[in-house]
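This report concerns a surface charge patch and the pairing of aromatic rings.

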Amino acid sequence: MASGREATVSGTAESDEALFRRFQSGRDQEALSLLVCRLQNCVFRAAFAACGSETMAEEAAQETFVRLFHPNGLYRTAGTASFRVWLCCVAINMARSMARKENRLQERARQFSYRERIEALHMENNMERSG
């Protein structure tokens, strides 16, 4: 009997990589659906572990699949880990990248807010002096 990690086609189990190759070679929508259903939870969990935000993990998981299924697919078989491990690593890197970007945006917002407060204090001081 095939495990939850393998799709059964005509009595034979297909690996994640085989499903991906099926999709990649002929845009097989069944292979795509099976692969996404099979891997979406592990990809989400990996992304969530990397960023700690459910919303960001969902975005990272979606972007991981978008990049995977782009016609110039990222996955190369030679010298790589298993397809599942590789895909989870992509999701982790995507989530970390998104978290860094979010942190930079928050830091810029804090700096801008700080500058606004200083400018407001200078304006108040100038008004008190001239008034």
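Helices are DSSP runs of H or I with at least four residues, numbered from the N terminus. The model is predicted: local features need pLDDT of at least 70, side-chain atom pairs count only at pLDDT 80 or more, and totals for chains, interfaces and linings use all residues. Residues are numbered from 1 along each chain as its sequence is written, and side-chain values use heavy atoms, with hydrogens and water left out.

Glu-102 is located in helix H4 (residues 83-130). Helix H3 (residues 54-68) supplies the largest share of the patch, 3 residues.

Rings of Phe, Tyr and Trp (its six-membered ring) pair if their centres lie within 6.5 Å; planes under 30 degrees apart count as stacked, over 60 as edge-to-face and the rest as tilted. Phe-44 and Phe-48 are stacked because their ring centres are 6.1 Å apart and their planes lie at 20°. These two residues are 4 residues apart in helix H2 (residues 29-51), and therefore separated by about one helical turn. Phe-20, Phe-83 and Trp-86 form one aromatic cluster.

The table lists residues that are partly exposed, a class between buried (under 20% relative accessible area) and exposed (over 50%), with a 1.4 Å probe and protein chains only.

| Residue | Relative accessibility |
|---|---|
| Glu-102 | 33%, partly exposed |
| Phe-44 | 24%, partly exposed |
| Phe-48 | 35%, partly exposed |
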